[in-house]
Amino acid sequence: MRPLAEATAGWLLIRLRVPVERAEILAAELWDLGALGLEETEPQPGEAELSVFFPPAGPEPEGFAPVVAAARARVTERTLVPPADWLARYRELSRPLPLGRGFLADPRDADDADAAAGVEGRRTLRLPARTAFGTGSHESTRLAVELLEDDPPEGERVLDVGTGSGVLAYVALALGARHVVALDVDPAASLVAGQIAALNDLSPSLLVGDVSCLRSAPLFDRILVNIIPAHWLPAGAALAGLLAPAGRLVVSGLLGSQREEVAGALASLGLSPVAERTDGEWLGLRMVRGPGTGPS
């Protein structure tokens with residue numbers, strides 16, 4: 001979501017040990033707290049180690065201690081490390097990855113010698129790694145793409161909430177959406193998304209703000225949300241109010257263990273599950289406004 005700054009003072013590196021089943025959700029929380037980079041390893045069965053990089057201005061960001069305690073994690077190291085362009089190294093070593101059934105996510109620089117190489121039957125999306133998150137490689141993004149491919153938004157008005165680098169907005173446009181609004185509270189995300197949109201010759205409407213900046217009326221046929229539930233579920237009623245009759249809500253970024261909580265909260269808003277997909281411990285749901293036919 002945020003550009004990795006060329007800091008001259010280096011970064012604050014914090015290493016944590018956490019039960020492996022809680023590592024993914026803790027990682028997501030740390031991104032939201034402003035992490036500039038994160039590496040996960042599993043040094044021993046049942047326990048993960050997260051190496052998290054923050055700006056060096058303070059000991060740790062506000063809110064760090066509560067999310068670490070909730071995950072039953074412990075800090076094993078705090079240190080300052082010298083500056084390095086890790087994203088440049090990542091772009092140098094990375095290769096395109098399949099995304100859904102019909103796309104290829106290419107995180108390399110657009111001017112790489114073989115950047116034009118693609119795969120027959122897949123549309124290449126140029127997603128150069130300029131940000132801490134958002135190259136289409138995460139399970140939650142892949143689940144959302146698959147749910148879109150299962151039910152393409154042809155001719156629809158689409159809202160992508162928490163768009164980041166814009167991956168889901170581009171996929172929706174490529175699948176035939178009539179108009180896509182890509183919304184994010186982070187101004188830097190919109191800047192990056194605009195640059196990447198130009199690389200892919202796609203034009204979502206980029207908007208900085210939260211859901212409250214949209215007028216309250218059924219504006220969209222489809223809403224896409226790939227964010228951990230704690231950061232969007234409180235705005236669930238506002239999102240439901242933006243959906244047209246029989247509109248669909250695609251949610252990803254949740255763990256399988258959170259299914260009943262999320263589906264129950266959305267059911268109280270008149271949304272019923274009609275499809276779901278899983279990838280490891282991650283879950284994606286497609287909900288419809290009005291009575292549903294049950295998960296497929």
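This is a predicted model: local features need pLDDT of at least 70, side-chain atom pairs count only at pLDDT 80 or more; totals for chains, interfaces and linings use all residues.
F103 opens a view of the strands around it: strand β6, which covers residues 103-106, pairs with β7 in the parallel sense, and four bridges are counted between them.

These two strands belong to an open sheet of three strands, whose order is β5-β6-β7 and whose pairing is mixed. The edges are formed by β5 (97-99) and β7 (123-126), each of which pairs on one side only, and from one strand to the next the twist averages 35°. Helix α4, made of residues 139-150, lies across β5 and β6 and runs at about 45° to β5.

The largest nonpolar core has 29 residues, and within it L125 and Y170 have the most contacts. At least two residues of this core come from each of β6, α4, α5, β9 (179-184) and α6 (187-199), while α5 gives the largest share, with seven residues. In soluble globular proteins, nonpolar side chains tend to be buried together.

What does L125 touch, not counting residues up to four places away in sequence? Its contacts include L99, F103, L104, A105 and D106, and also Y170, V171, N200 and L202.

## A buried threonine in a loop

T163 is found in the loop that lies between β8 (157-161) and α5 (167-174). Is T163 buried or exposed? Because its relative accessible area is 7%, which falls under the 20% cut-off, T163 counts as buried.

The side chain of T163 is joined to that of D160 by a polar contact of 2.7 Å. When neighbours within four places in sequence are left aside, T163 is in contact with A169, A182, L183 and D184.

## Strand β3 and its two partners

Strand β3, which covers residues 47-54, is mostly covered, since eight of its eight residues are buried. In a regular strand the side chains alternate between the two faces of the sheet. In β3 both faces are covered, with E47, E49, S51 and F53 buried on one side and A48, L50, V52 and F54 buried on the other.

Strand β1 (residues 11-19) pairs with β3 in the antiparallel sense over eight bridges, and here L50 of β3 is the bridge partner of L16. Strand β2 (residues 37-44) also runs antiparallel to β3, to which six bridges join it, and L38 stands opposite V52. The hairpin of β2 and β3 has two residues between the strands, and G46 in this hairpin takes a positive phi near 85°.

## An enclosed helix

Why can helix α1 (residues 23-32) be described as largely enclosed by the rest of the structure? The reason is that eight of the 10 residues of α1 are buried. The buried residues are A23, E24, L26, A27, A28, E29, L30 and W31, and what covers them includes β1, β2 and β3, together with α2 (64-70), α4 and β14 (282-289).

After α1 comes G34, whose phi is positive and near 110°.

How values were computed:
Residues are numbered from 1 along each chain as its sequence is written. Side-chain values use heavy atoms; hydrogens and water are left out. Two strands pair if DSSP finds at least two bridges between them. Axes are lines fitted to C-alpha atoms, for helices over the stretch in contact, and angles run from 0 to 180 degrees between N-to-C directions. Contact means heavy atoms within 4.5 Å. Buried means under 20% relative accessible area, exposed over 50%, partly exposed in between (1.4 Å probe, protein chains only). A polar contact is a pair of N or O atoms within 3.5 Å; within protein, one must be able to donate a hydrogen and the other to accept it, and residues adjacent in sequence count only if both atoms are side-chain atoms. A nonpolar core is a set of buried Ala, Val, Leu, Ile, Met, Phe, Trp, Tyr and Cys residues joined through side-chain atoms within 4.5 Å.
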